[in-house]
Amino acid sequence: MGRARDTRLAYLLLAPALLLLLTALAYPIGWEVWTSFTDLSPLKDATAHVGLTNYSRLLAGADFWQAAFVTVGYAVVTSVAKLALGLSFALLLVRPFRGRVFVFLAVFLPWAYPAGVSVIGWYWTLNPPTTTSYAPFMGHLKYVVDGTFGTGAWAFVSVILFNIWRGSSFIGVLLLAGINAVPPELFECALLESKSPWRRFWMVTVPLLKPFLALAVFLSLTSAFADLANVWMLTAGRIVFPIIGTQAYFLAIKAGQYGPASALSLTLVPVLLGILLVLFRVFDPPRQETA
Amino acid sequence: MSPRPWWAKLGHGSLLLLAIVYCLFPIYFMLVQSLKTPEEDVFGNPFIVMNPTLENFEELFERQSEVRGFVGVALRRSYPFLDWLVNTLVVFAGSVLVTLVASVAAGYALGRLRPPGFRWWRRAIFATYVVPQTILFIPLFQVVHALALDDSLLALLLVYPSMALPFCVWMLSGYFQHLPREIEDAALVEGASRASAFFRIILPMSRPVLVAAGIFTLGIVASDFMIASVFLLSPHNQTITAGLGTFDVALDELGAVAGVNLLAIPVMMISAVFARGFVRGLTASMLEGA
């Protein structure tokens with residue numbers, strides 16, 4: 001069996017996956033990059049190349065920096081909360097106890113609950129139609145939050161709560177699987193090394209789980225940055241706290257400015273790519289070839 | 001280890017209880033609402049249902065019939081819910097199937113055959129997650145249109161797998177890479193072809209990881225709202241997700257919550273059945289590093 005034949009077969013087997021990714025992503029990304037250098041708009045007939053104007057105008061505007069600030073805050077807050085909760089779930093479930101399978105299922109369900117519709121349910125729970133019996137209570141809560149932090153704060157809080165609820169479930173399950181993949185002897189050794197659970201947690205558990213935590217961070221970040229639909233649904237389009245995704249959506253759909261919208265959403269790519277390259281070192285370290 | 005003191009047990013127990021309530025309360029709340037009569041929705045206790053009824057669910061399946069006058073039409077819109085159900089089934093099952101076939105093939109290629117630069121292939125495929133989906137649907141719509149797939153479920157069968165593939169390829173190639181070579185070599189020595197070694201030995205062994213990839217894909221597919229509502233326009237071609245998005249908040253609250261549950265409960269049950277396999281598969285793919 002020649003190496004060359006193996007390689008040819010490998011490319012053949014890769015083909016369907018690559019074809020899918022190329023069709024769904026290559027042209028759209030190319031379009032987005034090209035558009036970000038133009039003033040393409042469905043409202044105009046002619047399209048002109050404008051060079052870097054879209055980018056420079058973006059970076060000069062206060063809107064962009066506000067959206068960037070909110071986006072980063074949103075991503076950091078949700079990611080930290082999801083990691084903390086997810087890790088707690090995983091650690092709660094590591095050791096066997098009676099009824100563990102039920103607790104595990106409970107932790108698993110928020111992620112399994114289809115978000116495409118649960119976001120609708122969440123929206124109506126947190127911003128109910130005025131006739132329902134819980135509407136006065138929710139309305140009151142909304143006014144308290146909005147009154148303290150500004151109009152629209154409650155909607156933004158709803159998005160954060162939903163994102164954390166669903167994400168912590170996935171991260172909990174992912175980290176539980178990660179802990180299972182670590183040889184238990186390593187944890188037992190740690191038990192002899194130190195009496196303080198707090199020290200053991202930071203000196204042993206966290207370092208051992210680092211690859212899985214890194215993977216979780218990345219998946220959480222991309223979902224937080226890209227989470228347009230949730231923001232959209234939960235706030236019914238009334239965006240008061242813009243994140244980059246929603247702002248790009250508005251520029252494109254409401255204002256018809258495809259150029260600036262493309263530039264805006266592309267600003268996320270270098271940031272995420274940089275984070276990913278750093279994280280690859282943690283969760284995909286170069287390792288020796290097994291023969 | 002000495003038996004744990006009572007306060008440690010109590011602490012553990014209350015943490016567990018807290019976790020369960022936190023995770024299940026929203027699900028419970030939505031289920032309760034969908035079982036309510038309109039009267040109870042307005043005047044009842046929000047957390048419990050005294051007279052559970054399935055009329056909200058039944059109403060979803062009723063076709064437009066006997067509506068009188070303009071007000072009647074406005075108040076009692078009806079939806080082709082049965083079509084949505086079938087469409088959803090087709091899209092979910094199809095996406096999982098497409099994703100699994102493509103990612104098993106790619107995972108085997110990268111983890112087992114290891115063409116030059118396979119590690120960078122893996123990373124490049126995974127890195128497609130950095131592309132923000134936000135306004136990607138505008139050019140994506142052009143692609144879908146060029147392929148004459150607009151307003152067709154096939155458009156979703158193209159887009160959904162591309163969202164789940166990167167993680168699945170990552171998982172499967174990691175798993176295949178760590179399988180001991182001897183397993184396959186033994187079969188090859190006995191004169192089996194590579195293909196039969198794969199289908200007879202490797203594939204059956206990989207069941208947990210396949211389950212994990214399948215459940216992950218289901219999670220991705222079921223969590224989309226945007227793509228479905230942008231690409232599926234005519235009511236009869238919509239999935240439940242896209243269709244529920246067209247409901248009117250003030251008028252159809254109970255019906256919509258029922259619709260949410262009608263999709264959510266089967267999906268949750270399928271996922272729950274495979275939940276332990278999901279963890280086992282994730283673990284298998286993460287042994288020796290992520």
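**Figure 1. Chain A follows the pattern α-α-α-α-α-α-α-α-α-α-α-α-α along its sequence.** The chain holds 13 helices and zero strands; helices (H or I, at least four residues) and strands (E, at least two) are DSSP runs, numbered from the N terminus. This is a predicted model, in which local features need pLDDT of at least 70, side-chain atom pairs count only at pLDDT 80 or more, and totals for chains, interfaces and linings use all residues. Residues are numbered from 1 along each chain as its sequence is written, while chains are lettered from A and ligands numbered from 1 in the order in which they are written. The C-alpha trace of chain A spans about 70 × 70 × 35 Å along its principal axes. Of the 291 residues in chain A, 44% are buried (20 or more other C-beta atoms lie within 10 Å of the residue's own; 12 or fewer would be exposed, and in between partly exposed, with C-beta atoms placed from the backbone).

**Figure 2. Helix 11 (residues 244-254) of chain A is mostly covered.** Eight of its 11 residues are buried. They are Ile244(A), Gly245(A), Thr246(A), Gln247(A), Ala248(A), Tyr249(A), Leu251(A) and Ala252(A). Gly256(A) follows helix 11 of chain A and has a positive phi, near 70 degrees.

**Figure 3. Helix 2 (residues 53-60) of chain A packs with helix 12 (residues 258-266) of chain A.** Two packed helices are described by the angle between their axes and the distance between the axes. Here the angle is about 65 degrees and the axes are 9 Å apart; axes are lines fitted to C-alpha atoms, for helices over the stretch in contact, and angles run from 0 to 180 degrees between N-to-C directions. Helix 2 of chain A is therefore roughly perpendicular to helix 12 of chain A (angles of 65 to 115 degrees; under 35 counts as roughly parallel, over 145 as roughly antiparallel, and the rest as oblique). The crossing of helix 2 of chain A and helix 12 of chain A is right-handed (the near helix is turned clockwise from the far one by less than a right angle; anticlockwise is left-handed). Asn54(A), Tyr55(A) and Leu58(A) in helix 2 of chain A meet Gly259(A), Pro260(A), Ala263(A) and Leu264(A) in helix 12 of chain A; two residues are in contact if their C-beta atoms, placed from the backbone, lie within 7 Å. This contact of helix 2 with helix 12 has five nonpolar, two polar and no charged residues (Ala, Val, Leu, Ile, Met, Phe, Trp, Tyr, Cys and Pro count as nonpolar, Asp, Glu, Lys and Arg as charged, and the others, Gly among them, as polar).

**Figure 4. Chain A touches chain B.** The contact takes 83 residues from chain A and 79 residues from chain B. Helix 1 (residues 3-35) of chain A gives the largest share of chain A's side, 19 residues. That side divides into 63 nonpolar, 16 polar and four charged residues.

**Figure 5. Helix 4 (residues 100-112) of chain A packs with helix 1 of chain B.** Their axes lie 9 Å apart at an angle of about 40 degrees, which means that helix 4 of chain A is oblique to helix 1 of chain B. The crossing of these two helices is left-handed. Helix 4 of chain A contributes Val103(A), Ala106(A), Val107(A), Leu109(A) and Pro110(A), and helix 1 of chain B contributes Leu16(B), Ala19(B), Ile20(B), Cys23(B), Leu24(B) and Ile27(B). By class, this contact has 11 nonpolar, no polar and no charged residues.
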